[in-house]
Amino acid sequence: MSQTGEDPLFDLYDREKRLLAEGPELLKTSDPSALRAFAERLLERFAKVVRENEDLTRHSDRQEQRLVKLNQNLKTQTRELDQRKTELESLSKQLAKYLPPQIHEALFEGKYDTRIATQRKKLTVLFSDIKNFTQTSENLQPEALTEYLNEYFSEMTQIAIDHGATIDKYMGDAMMVFFGDPESRGVREDARACVEMALRMLEQLKVMHKRWRARGFEHPFEIRIGINTGYCNVGNFGSDQRLSYTIIGGEVNLAQRLEANADVGGILMSYETYVHVQDLVNAEKRGAIQMKGIARDVQTYAVSGRKSLDLSPHVSLDHPAGIFIDLDPLSLAEDEKTVLAEKLADIASRLRQS
């Protein structure tokens, strides 16, 4: 222990300092034996300090080597983790193509239960189907059919995602989506979002028609859409080995029946859906239909369009001369709206002058 009573590690050279402190007084004397004894003690302490420093240096070198090795191992592990992260992100993106976005996100956040379980919820279900798909496919090369069909599904799917729909499945040329699970904005808002989504699908299909005809697709796809709102069983169906997140029930079958009875390029919906959107769309009352498993006659309504452009942000123009405009002002910045409005005004002025 040092004179202060503290651990000597707090002052490694306490003894050497005390020895050096004796030096000035001894150097004032002329006693050779005292000077010799001091020199011997000083040499002994100096030799010991050198040995201790050598030990510390060797220990420091070993620690440095260990740190270098640890750093190398850390870099290797970091590279492996980065690689693993990249692999998992790639796997996640691939799985996302097979799962509804809401389910995919919940799974990776650990919020989704994969037990076999279902619940009854009031959902709004949409079926769409391509008219005369078999005949159309016979008139196209397989490569062209695949290209057009994938393009069609890609754009319809993006519209569905943008409106918050859950994409259930693709069945050949048919598409089934629903609103109300796993996320819901309430039955009324779900129904309104579904009908708005259907209108956007039909509008976008017109844009695709122009594009496809320019590429040589003489008779591009035309679709029918059926929409119904009602109680369905929704959840995980299947086995411990494989699950399918889907919906079943008579109301689902009714939505498919409505699609089959819809006009080409039109939307046919049940009264249960109509009551939630009657202020948004013009709809013609059609005949009632009966469905096995449903105890009521189902009154149907054919949508003919939005009631007013004021109720929708979209601006549309479809002229027989081949002019088609479809834009959403909400997607434009204020300066972009100003520029576009000026260009359209200039076009209108030139048309009037000509």
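Does L43 count as buried, partly exposed or exposed, and at what relative accessibility? At 57% relative accessibility, L43 counts as exposed; the classes are buried under 20% relative accessible area, exposed over 50%, and partly exposed in between (1.4 Å probe, protein chains only).

Before going further, note that this is a predicted model, in which local features need pLDDT of at least 70 and side-chain atom pairs count only at pLDDT 80 or more, while totals for chains, interfaces and linings use all residues. Residues are numbered from 1 along each chain as its sequence is written, and side-chain values use heavy atoms, with hydrogens and water left out.

**Whole protein.** Colour by secondary structure: there are nine helices and ten strands, taken as DSSP runs numbered from the N terminus (helices H or I, at least four residues; strands E, at least two). Of the 354 residues, 34% are buried. The accessible surface is about 22700 Å², and carbon and sulfur atoms hold 52% of that surface; areas come from the Shrake-Rupley method with a 1.4 Å probe, and for residues only the protein chains shown count as cover.

**Surface patch.** Select L43, F46 and V50. These residues form a nonpolar patch on the surface, with about 310 Å² of accessible area together. Patches are made of residues with over 30% relative accessible area and no salt bridge, with like charges joined within 9 Å and nonpolar side chains (Val, Leu, Ile, Met, Phe, Trp, Tyr) within 5 Å. L43 is in helix 2 (residues 32-96).

**Nonpolar cores.** Next select Y152, M197, F221, I227 and M269, which touch the most other members of the largest nonpolar core, a set of 41 residues. Such a core consists of buried Ala, Val, Leu, Ile, Met, Phe, Trp, Tyr and Cys residues joined through side-chain atoms within 4.5 Å. Elements that give two or more residues to this core include helix 5 (142-162), helix 6 (187-214) and strand 4 (223-238). Helix 6 supplies the largest share, eleven residues. Centre on I227: leaving aside neighbours within four places in sequence, its contacts include V125, C194, L258 and M269, where contact means heavy atoms within 4.5 Å. Another core, of eleven residues, lies apart from the largest one and has V125, F127, C232 and V234 among its members.

**A buried glutamate.** Move to E259 in helix 7 (residues 250-261). E259 is buried yet has no salt bridge, and the nearest side chain of opposite charge, R224, is 5.0 Å away. A salt bridge here is a side-chain nitrogen of Lys or Arg within 4 Å of a carboxyl oxygen of Asp or Glu; for charge, Lys and Arg count as positive and Asp and Glu as negative, with His and the chain ends not counted. Beyond four places in sequence, E259 is in contact with F127, S128, D129, R224, I225 and G226.

**Salt bridges.** The whole structure has 19 salt bridges. Show E151 and R211, whose closest N and O atoms are 2.5 Å apart. E151 lies in helix 5 and R211 in helix 6, so the pair ties together parts that are 60 residues apart in sequence. E151 is buried at 16% relative accessible area, and R211 is partly exposed at 29%.

Then show R192 and D279, a salt bridge of 2.9 Å, N to O. R192 is in helix 6 and D279 in the loop between helix 8 and strand 7 (281-285), so this pair ties together parts 87 residues apart in sequence.

Finish at D346 and R350, which meet in a salt bridge of 3.2 Å, N to O. Both lie in helix 9 (residues 334-353), four residues apart, about one turn of the helix.
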